[in-house]
Amino acid sequence: MSKDLSRTLVLEMVRVTEAAAIAASALNGRGDEKAADAAAVEAMRTVLNEMPLDGVIVIGEGERDEAPMLYIGEKVGTGGPRVDIALDPLEGTTICARAQQNALAVIAVAEEGGLLNAPDVYMDKIAVGGGLPEGIIDLDKSVSENVTAVAEARGKKVTEMMVCVLDRPRHSQLIKELREIGCGVKLIGDGDVAGVINTTDRSGGVDMYMGAGGAPEGVLAAAALRCIGGQMQGRLLFRNDDERARARKWGITDLDRKYNMEDMASGDVIFAATGVTDGSLLEGVHRSVDGYITTETIVMRSKSKTVRRVKAQHVA
């Protein structure tokens, strides 16, 4: 990926996520998750196919027989640098359908071979923001050990810590352990990409992210942390033999492997996210009475560590 073209692609990715966010927002609060997701997918695919790149979707809407557009293995772009693409045109379909906070349109682009081709299974995740000693978190350590280590490094008491966790029945034991050691727990309904990114905002009140969520979202979150700074580990979780077979199909041989952030997103990485609904990370799409649409996007690149927030006004 050439230096000049990389800079071009950074801003081009803003157009990609803006288009998806605007399309999904038209169905905000309508209660139809599939329609909102389909609108975002179609809009993102259209813009991607205008991009000066030779891209392959490594994390998308599913396998070809399950997803007519933006399926894993689909090629996009008009030609140019060979890149891997991970995307979630609507991260938080339920959030959007219910007009709740933190729905995003998300994409990550890396040099060819730079993104883990993660199957659509669960991934156990732990993440923290930047400025901490390398290796401070470890999935093989206990909840108490991880929280205590981060608290000490931050110069905080455990009782001053806040951990973000997806609000799911599968996390009942994790939540119990966190509260037993006196730690605060911020429960989110969906949107674990935003949850991981929020650990990088020291003013945001979230110190760590823990718990099991989608593996594709884990790769997207790792791509963001590569750009903005932080640490993350993930381990795939399999519920049955069918999920194990799917992992092997995508070239994963060590099913118990513990992935570091760099294992999931390596090389030069670009990450972009546009808010669909208002949230802790970004403002959502807003439509004015005079016919304009406003969007807010965060876009960043690992090579330069540049983080841009782009507020745009579009004609409806």
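At 3% relative accessibility, E91 counts as buried, a term that here means under 20% relative accessible area, with exposed meaning over 50% and partly exposed lying in between (1.4 Å probe, protein chains only). The model is predicted, so local features need pLDDT of at least 70 and side-chain atom pairs count only at pLDDT 80 or more, while totals for chains, interfaces and linings use all residues. Residues are numbered from 1 along each chain as its sequence is written, and side-chain values use heavy atoms, with hydrogens and water left out.

E91 sits in strand β3 (residues 82–91), where strands (E, at least two residues) and helices (H or I, at least four) are DSSP runs numbered from the N terminus. UniProt, in an unreviewed entry, places a "binding site" feature at D88, E91 and E217. These residues span 130 residues in sequence, yet no two of their C-alpha atoms are more than 8.3 Å apart, so they gather at one spot. The lining of the largest pocket includes D88, E91 and E217; a pocket is an open set of points on a 1 Å grid over the protein atoms alone, with protein on both sides within 12 Å along at least five of seven lines, and lining residues have an atom within 4 Å of a point.

The UniProt record (unreviewed entry) also lists a "binding site" that includes E91, R168 and D192. UniProt annotations may be inferred rather than shown by experiment. R168 is placed in the loop between β6 (162–166) and α5 (172–180), and at 24% relative accessibility R168 counts as partly exposed. D192, by comparison, lies in helix α6 (residues 192–197) and is buried, with a relative accessible area of 4%.

The table gives contacts, meaning heavy atoms within 4.5 Å, for residues named in these annotations.

| Residue | Contacts, not counting residues up to four places away in sequence |
|---|---|
| E91 | N102, A103, L104, V106, G191, D192, V193, A194 and E217 |
| R168 | I188, G189 and D190 |
| D192 | E91, K125, L166, Y209, G213, G214 and E217 |
| E217 | D88, E91, K125, D192 and V193 |

E217 belongs to helix α7 (residues 215–228).

Key
1 Å grid on protein atoms, 1.4 Å probe; cavity = no way out; pocket = protein on both sides within 12 Å on 5 of 7 lines; lining within 4 Å.
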